[in-house]
Structures are given as structure tokens and as C-alpha cells.
Amino acid sequence: MRRAAVRIDAATPPQRDRAVDALRALAILGVVLGHWLVTALVADGATLRAASPLGPMPWLAPVSWTFQTLAVFFMVGGHVATRSLASARARGGTYGAWLGTRLARLFVPVATVLAVWTVAAVGLLLGGASMVTVHTVVKLALSPLWFLLVFAVLTAATPLLVRLNPLWPLAVVLHVDLVRFGLGGPAWLGWVNVVAGWLVPYTVGAAWTRGELERPRSGRLLLVGGAVATALLVGWAGYPASMVGVPGAAVSNLNPPTLAAVTFGLAQCGLALLLRDRLRRAMRGPLAWAAVALLNLSAMTVFLWHQTAMMATTAMGLLAGRLTGLHTDPDGLEWVAARLLWLPVFALVLAVCRAAFHACERGPREPRRSDGRGSRVIRVHHRSGRTESKAAPSA
């Protein structure tokens, strides 16, 4: 394992900013672990329904503060997209070719997920599963797709967002919430924040590309300002403490995003920016870098199939009866302790999904840069019985 890690480390272009990949990996892990910890499938006879431990145990809200890391993902996405677009233009490439390559990497794996779950849903219905069960599992399996749709819209709009100040979309979110909650406006208005809310960290990533966030003061301002604003919104303005949706709650901070979710995301982005130098130093270790590089290579597969891995484990567990932490109501510490023990099983099943579907993640390759650099991560492959490493194409 160490020899393979050393080969991966040696194959990485020296100019590559490994902190970017480390932040993306941490964001992916946050989303996956967050879903696994706050999503429960409760077996009621022959029916499966979704539940969350955040309802009966609201004191677990800090879990959502740790694992709701989508803002960091959008920030990294904005940084990488704006940098990649500038690189493509410098090579003489067109916007259409650049966008087609990036969207193919998003939606080719999605087509596989949709095909598998279409067959699964039909099979469940033909097998006599209730509509409640089918709706529950399909909704959980396909819920990550909303993120990809928003991400695709922002990616397509990248040329228009290269110079956009994050304060503009933040002002939109502020006014939407003011109308919704302060003036009794229509609830549907909140869906404007699905784009505007995630546009805030995306344009923070664009500002990173422009070199405006290199000083530690910028990270500290985002961290402290975002944290103080979030505390005031939760403690004084009545926003929920949980940064993810809770079944049965009157207001969700995430669906659609609220001002509290956006300010909290800004605090996370500030912390991420402050950690860049430490992450760069940590990524000098071959083992740490190899783990991050391989996770980045499988990012889409992990993101799209982690809910399926949890539900597959739940379904297989039913063969042994109703198991604590897997099929029972998430209403106490016993459930929390049991769920923590199930996490390695979820990870093992996700590894099986990764082995089965990772080939679908390999989209078309962009041309190599004129300086010979590849800005994606490292691929390890076998040729004639020898293991070799090489830099993958730009992401």
C-alpha cells in the first residue's frame, strides 16, 4: 500500500494545489456521513418509512453543523470551474466544448443511477411492495440529484459568474427570506434561494480564483462574520438550529436554503480557506494524498450511490429481523450508538457499489494543458502485469 501511495504521489504534478482536492474530499465525506447519521429507514411491518433522529433528539443539531458541508463543495466547484474555464480559453478551446466535457462527467453517472433505480422501483412494485416503501426508497436514492442539477446550472453560467461579487446573491437570499418570513410572502418564493443560496459559495470560489481570498484576514472575516450572523438568526430570528431538514418541522434550513444556511455556509468556507496551508502540508504525506486522490477519482460514484448503499444494507438486514440502528425508530442514545456501529457496513457496501459503477464516472477527457499539467487527480492502472501511475486529465 505504501509503495502504491508513493507512486501516486510521484505522478502528481508538482504545481497541483492539493488543498483543493482535500477540501473536496472532506466535503464529500461530510455529506455521506451526514446522510448516514441523520437518515433512518424505519420498518413498520411490511412498510419502510423515512425518519430522522433530529426530530426526537433536537440536541443532536450540532451533528448537522459538522456534516452539512455542501457550501464547501460549491466553493471548491466554483474555484475549479472558473480556473478550468480560464485554462480552456488559454488553450484556444471553446465554451461549448468545455461545458460539454464538464456536464458529461456529471450526467453520464446519473443516467446509470436512474436506470438502476427505474428497474428497482418496477421490481419492488411487481413484488408487492407498498407505494409508501417505494416512494421512500426512490426519494432517498435520487435525492442527491437536485444538487447536481443546481451545480450544472451554475457550471453553465460560469462565464457570467467569473466576476460576480458574492454579496449580490447574498442580498437576494436576504430579501427572499425577508419577504417570506417577515412580510408573510408566498412559500414558493423560497425556491429562488435554491440557485441564489448556492450561488453565494460558488462565487466565493470564483473570488478565490481571482486571488482575492489569499490573505488569512479574508478567511477569518468569513468565518467570524458567518458564525455570528448564523447565531443571531437562530437565537434571535427563530431559524431552526439544524442545518438540514427535519421531517415534520415547519421550516427547513436546507429545502429550500434559508439565509441561516447561507451564512453558516460562509462560515464553513472561511474555515476551509484558513485550513488550506495546513491541508497542503498534510497532503505531502504519500498515504494521505493517495487516499484523497482516490476519493476524488470516485467522487461522483460515492455521492450518487451512498444512499443506495445504506438502503441495500437495510434491506439485507431485514433477513435477520428488526435490527436496532437500522430498522428501529431513531428516538434515543441506543439508536445513535447502534447507528455508529453500522457505518462501517454502509462503507463496505458503498465500496461494492464503487467497484460496480465507477467505470460510468469516467467522462470524456479534456486536452492536456500546454504545460503538460493535469489538474484532475491520479489514476492507477495495470499494464502488462505492472502497476503504473499517471496524472488524469483536467477535471
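Of the 395 residues in the protein chain, 50% count as buried (buried means under 20% relative accessible area, exposed over 50% and partly exposed in between, with a 1.4 Å probe and protein chains only). This is a predicted model, in which local features need pLDDT of at least 70 and side-chain atom pairs count only at pLDDT 80 or more, while totals for chains, interfaces and linings use all residues. Residues are numbered from 1 along each chain as its sequence is written, and side-chain values use heavy atoms, with hydrogens and water left out.

**Overall build**

- The protein chain has 16 helices and 4 strands (DSSP runs numbered from the N terminus: H or I of at least four residues for helices, E of at least two for strands).
- Its radius of gyration is 21 Å, close to the 21 Å from the globule rule for 395 residues, so the protein chain is as compact as a globular protein of that length (the radius is taken over C-alpha atoms, and the rule is 2.2 Å times the number of residues to the power 0.38).
- Along the principal axes, the C-alpha trace spans about 60 × 60 × 35 Å.
- Among contacts with a separation of 6 or more, 76% link residues 24 or more positions apart (contact means heavy atoms within 4.5 Å).

**Cysteines**

- The number of disulfides is 0 (a disulfide being a pair of cysteine sulfur atoms within 2.5 Å).
- C269 counts as buried because its relative accessibility is 0%.
- C353 is also buried, with a relative accessible area of 10%.

**Around N193**

- N193 sits in helix 10, which covers residues 192-209.
- With 0% relative accessibility, N193 counts as buried.
- Setting aside residues up to four places away in sequence, N193 touches V172, V173, V176, D177, W198 and P257.

**A cis peptide bond**

- Most peptide bonds are trans.
- The bond from N255 to P256 is cis, with omega near 5°.
- P256 lies in the loop between helix 11 (216-235) and helix 12 (259-274).

**Around F147**

- F147 belongs to helix 7, residues 145-156, and is buried at a relative accessible area of 3%.
- Apart from neighbours within four places in sequence, F147 is in contact with L70, F73, F74 and F303.
- F147 and F74 are 73 residues apart in sequence, and their C-alpha atoms are 9.7 Å apart in space.
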